[in-house]
Amino acid sequence: MIKKLLSFSFIGLLNVFFFWIAFFLFNNAYYALGALFLILVFLIDFFIFNPKGYPYRYVAPALVLLTVLVIYPIYFTVKTAFTNYGTGHYMPKEEAIERLLYDPVYTYEVGNEAVEYKLFIAYDGLIPMYDDFLILFKIEGTLFIAEKPIPIKKKGKDVLLSEAQLIPIESSTYQRVPQSEDLTEIRMITSGEKTYRAFYSPQEEFLRLNAPLFKSRIAQFYLQKSEFVHPNGNRYALRIDRTGEWSFARIERLYRLDLMQTLENDKPRTKLIVVNNKTNRPLIEREGSFYDVNEKNEEVYLIGYIDFVGWKNFLRILRDPRITGPFFKIFVWTFLWALLSVVLSLAVGLPFALVLNDPKLRGRNIYRTLLIIPWAIPVFISALIWRNGLFNESYGVINKFLLPALGLPIIRWMNDPFWARVAVLLVNVWLTYPYMMTISLGALQGIPYELYEAAMIDGAGKFRRFTSITFPLLMAVIAPLLVSSFAFSFNNFTIIYLITAGGPPIPGSTTPTGYTDILISYVYKLAFQAGTGQDFGLAAAISILIFFLVGGISYVNFRFSGVFEEVGK
Amino acid sequence: MKLHVHAILIFLIVVILFPTVWVVTTSLRRDEAAFSTDLFSSRLTLQNYVDLIVQEQNVPVLVKELQKLISRVSPYDRLTLAQARTKATELLRKMRNYLDESNKRNDSARKSYEALVKIFETNANRVKQSTLNDLRQIEKVLLKTLSELKIDKEELAFVLYEVLSKEKFNSQMEKILRSAVEEMVGFKIDDEQSYALAMNLLRQTHEELGGASLEELETLSARISSLRSEIESLRKTLQPLERSILEAQILLNGDVLTELRSLTTAVEALVKMKDSLARTTAKSVLPTDDTLFLKSLQNVASRLRNASLSLQGFEDLLEIGKTARHLSERLVELTNIEPRLKSLTTYSDMVRTYEEIRPRLERICDDLETLIGRYSDELSRLRELNSSILLKESELQRLSQRAEELQQKRQLLELRLAEERSWLQLILFEDTLKARLSSVEAIKSLSRTDLQRYSTVLTWLRNFANSYGRSDEVKESVQKAVSDLRWIEDYRTFTTRFENYSKNYEQIVKEFEQVMADFEKICDDLLVLSYSGTFVTSEHLTRLLDLVKLDFVNKVRADLAVVSRRAGSLMKLSLFSEAQKLFRDVDKHLFRIDQIWKEKMKHYFGRWVLNSIIVSTIVAIITTSICAAAAYPFSRMRFVGRRYGILSFLLIQMFPSVIFMIAIYNLLNFLGKFVPFLGVDTIGGLALAYLTNIAYNVYLIKGFYDLIPASLEEAAIVDGATRFQSFYMIVLPLARPILVVVFLLTFIGTFNEYVIARIVLQNVRNYTYALGLQSFAVGPYETEWGLFTAAALLGMLPMVILFLAMQRYLVSGLTRGAVKE
């Protein structure tokens, strides 16, 4: 009874938890993921309450993980492929507008009132409490006091804008010590029990010593995105002026929201637009970006947002000449790379397997163990060792010792397209031949000895036996594994990235491309190499292409190797 | 028969495993392997491992910590004044200890060094004897070889003439070669006259063999190089000319043209006025004085016409020429006025208006004339220069061709002369050899000047070995002497650099101690000031840090490295066995001194490894348990999706996971705002991102479950167990081997993952081992191989051992489905 009660309350809690997550996700604009969680919770309830769903209970945890970490990302990727998500287009449109309206970047200084200020900090014994401070202002001869600004616009954890009120010191609860009108003379501010001591002022030599602390501990944390509101509505903010000094200035917002009446198909429509306060001109909106028009009638890029672009990313691969050319090169090299990796590593691994398959060979276990070591070393370690110790153009072992010893000229491994490709292939063969050797060994042991005996009786020589018996039977067994290996090499990002990082670069391309780049490393560079501009949309489109290629190959492979039947057993 | 198979296998394994061997040896090296000329080194140390595991707080670190303490920044911002005081004394004490140790080491190094010098000096005689032996051996072989050389008489004459043609009678060279020449010509040479006679004879042979062409080649190449420099200087004069021409053109087409146009409009207005003359009748009171007007008109018009004519040839200036001509025509028009109209008021107005623009017109004429004059002058000079450059270039080409032909001839000749040239070289060598022998004999000890002498002998021998073309016994013996003597140079640098090091070291340490003592005096005051709420930095500490980071690095470290390296190569020298240990001592002490003062890279190796282990363990546990549960129904029950479930997921997981990271990164970013330990740049978030490898493991485990007989469970169910109990208590324990395999595979896979970690983690302290290792290998650390290889080995060893221990399972898992029983 108690057990049942416990399990019911557990199910209840689980439901509440999942619903809460879904609700939370909806609230934060993660609609797709929220919907997925709703579906999940219904599925789980179905599994639990319907006896027919019993088998699924075991699968449920795996299903949750796969949904969140595989299905959702795939959905996200497919969606991204149809947008312009990337450098300059990071946020939804609403957020972009919000930034234009609130971000302190989009303000301008007006007037040149003299604003003096002095910062006071509360101390805990001798340690300054950087999160508890007051700022005393002297604006046009009047003293104002402001407390720590309070965030008023937030985006998740990030504060977009904080605000604090400027209160005339006489009408506040704070007392100056001494009671003076001159900022430099005021040493302390008290309020009841609490005292704030002078900490920083740009005017006073002694307090200027604290400038680094003021900048790093207070200005950057609390004041950079803050505005101080005067009783008459004027706003003041900390800005770096022409001399590089941090001073307060009166500011005004650069943009405001407005409505515009337009005619669309002869029907009047109202559209939200953003207007520049200085010029009173509306911003231009084009291809997912806002542009401002300045005094010289030039368009200035302001901020971009994520916009739906349809099949444009796919069409760019086919039509944009600066993408198509390098893309085609990368595409061909990817196939060549995967194919050569498999063929060459088999060409190295198979002879070893043939030699080690001889049961009369002494110490073959030791040989096998030694030969397997390259496979056992983590790939990133091997890649780094090869890159740094062996292929380094000026210090590497190959260029410094091996080639001179053979009387050959040194090779520019990282800068010559051909040799860079040779280098990555060499490392990959070194890494994968043990795998080929191992699977060949396994397959060789499955070939019945009687076949060889029969062949010997028929007078077949060693070579003939290899071509007619060993090789065909071996291939029948390892062919599916070779195909998988091909698919794996196709996406073998780590080696390429760690050894050449795709370089040397292909000249004349707008996207970051290199001669050793394979599709997947190209995708990575497009998506994550911030230096050259990110283009998640294009990256996602190419990923979908890769998926269809690799998935297709693997599907056919599963089909023919009979994995389907085996699982269905 | 099997032996060759083993030999080949072993050879291949050595080649294949070379990278690992390199890692092991490099991680143990004391020197900077990247800059060494040896593949392996005998100077070994475990210092790299020590640096990885315990980071020593050496002098630079201590100075920085003190500075932090004084400025009260993290990690010292929470200390009380009393605590800070004790901390400061502790840091200062440590620093003092290091200084003491460093000084002690320096003293011991000094002592060993002095002992070394003594040993070398007592053995000076032995060195001398062996050098003399080598030189005598060379002499012996030399004489033998000289007698064996096949010398063609004519060719020898050629070579002799070549050398002697530049020499005078009784010059040193001539004296050496005199006997050879005498033998050649058959008479004695004892004065200028006979010498000239002999030279004449030689010259004949020289010319017969083609010596003239050689001479021609020489003059040709001299001429070619002078031509080249002439062309160069011409080009240089060309440049300012071009610039000035361009300037004139810009001026003409710009300001001048505008002025001309505006003048044209003004003059056209005048012309209109003139045309309207006929229609007016008002007469002026006084007759207009227009002589000046007419004169100026004609003058300006003709000047403009001339200017426009001279501009005709220049295509770029057509526009301005046309404008000038147009203006001049207009002006001429103005002169044609019927005399009767001249008495009208309008005419006098016209004249007055003209007076206003007259200065402008005249000025523009001046400008035009000077500019055009300059322009055409410069243009003709430009043309001249260009044609002379072309001329010179064509000559250069002709000469170069000829030079090439001659060069070919000369090469052919050189082939024939090789033997004779060697002979000549040997003869000359023999002569100097005697001088060298006597100079070595004069050496008494191994002082600095003596070392200098040996060194000259060595360079001389080395130069000979490099320039001597034949490979014969002479070359061999010279090379042997060179290799015997090579240590002299090592020893020389060793001593000079050691003295240098010693001087600079003492000077820097002295200043360091001085500044440190000063600091100690005011340390307490600074702390009190800092604790009164002011930001304090200590000038003394800045100076100390400068001493360590700049002075020590610039003045001491280079010498230190050289001394150590030379000591390393001298160690191998078997000349004096008792010196070996001393060299080792010097090297050891200096290495330690370097370690004390060197600013080392800050890293978090231990933390990185720990992070990796934590992430891998979490991921392996969660993945294994989830997959173990998920695989069960696939093996035992019938339900919709059983047949294609795993496979669809296997296929779906072919989706390139790199691109997932955009979504997962966003997700973690979002999650991190509410559950901090699962955010971006956290270990938890990374672990979450790794939990994707499910389908393949379910497939593996399901295969194993299939092998467990179902009857066991049936029996349990009959005994009253629920389905879950039978899974939990019977299937799971039996499946332990595969669960262990899946656990370890996931562990290894996660430990070895690089890309996702690269994307998720940003802070150096949160790195996993993979990222940390990469940070040892890129940018400024690309050549710091010691730490990198040590870290690589430490990470590699457990993985390799784990892998090798599991290879049986791994192989069977891999080939399952393909290799069927």
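Of the 821 residues of chain B in this predicted model, 49% count as buried, where buried means under 20% relative accessible area, exposed over 50% and partly exposed in between, with a 1.4 Å probe and protein chains only. For chain A, 51% of the 569 residues count as buried. Local features need pLDDT of at least 70 and side-chain atom pairs count only at pLDDT 80 or more, while totals for chains, interfaces and linings use all residues. Residues are numbered from 1 along each chain as its sequence is written, chains are lettered from A in the order in which they are written, and side-chain values use heavy atoms, without hydrogens and water.

Chain B contains 28 helices and zero strands, and chain A contains 17 helices and 18 strands; helices (H or I, at least four residues) and strands (E, at least two) are DSSP runs numbered from the N terminus. With a radius of gyration of 35 Å, well over the 25 Å that the globule rule gives for 569 residues, chain A is more spread out than a compact globule; the radius is taken over C-alpha atoms, and the rule is 2.2 Å times the number of residues to the power 0.38. For chain B the radius of gyration is 47 Å, whereas a compact globule of 821 residues would have one near 28 Å.

| Chain | C-alpha span along the principal axes |
|---|---|
| Chain A | about 115 × 80 × 65 Å |
| Chain B | roughly 145 × 105 × 80 Å |

Among contacts with a separation of 6 or more, residues 24 or more positions apart account for 79% in chain B and for 58% in chain A, a contact being heavy atoms within 4.5 Å.

In helix 2 (residues 18-27) of chain B, the buried residues are B:P19, B:T20, B:W22, B:V23, B:T26 and B:S27. Seen down the axis of helix 2 of chain B, these buried residues fall within an arc of 155°, so they line one face of the helix; the arc is that of the directions from the helix axis to the C-beta atoms.

Further along, B:E578 lies in helix 17 (residues 577-597) of chain B and is partly exposed, with a relative accessible area of 43%. Not counting residues up to four places away in sequence, B:E578 touches B:I119 and B:N123. The C-alpha atoms of B:E578 and B:L116 are separated by 8.9 Å, although these residues are 462 residues apart along the chain.
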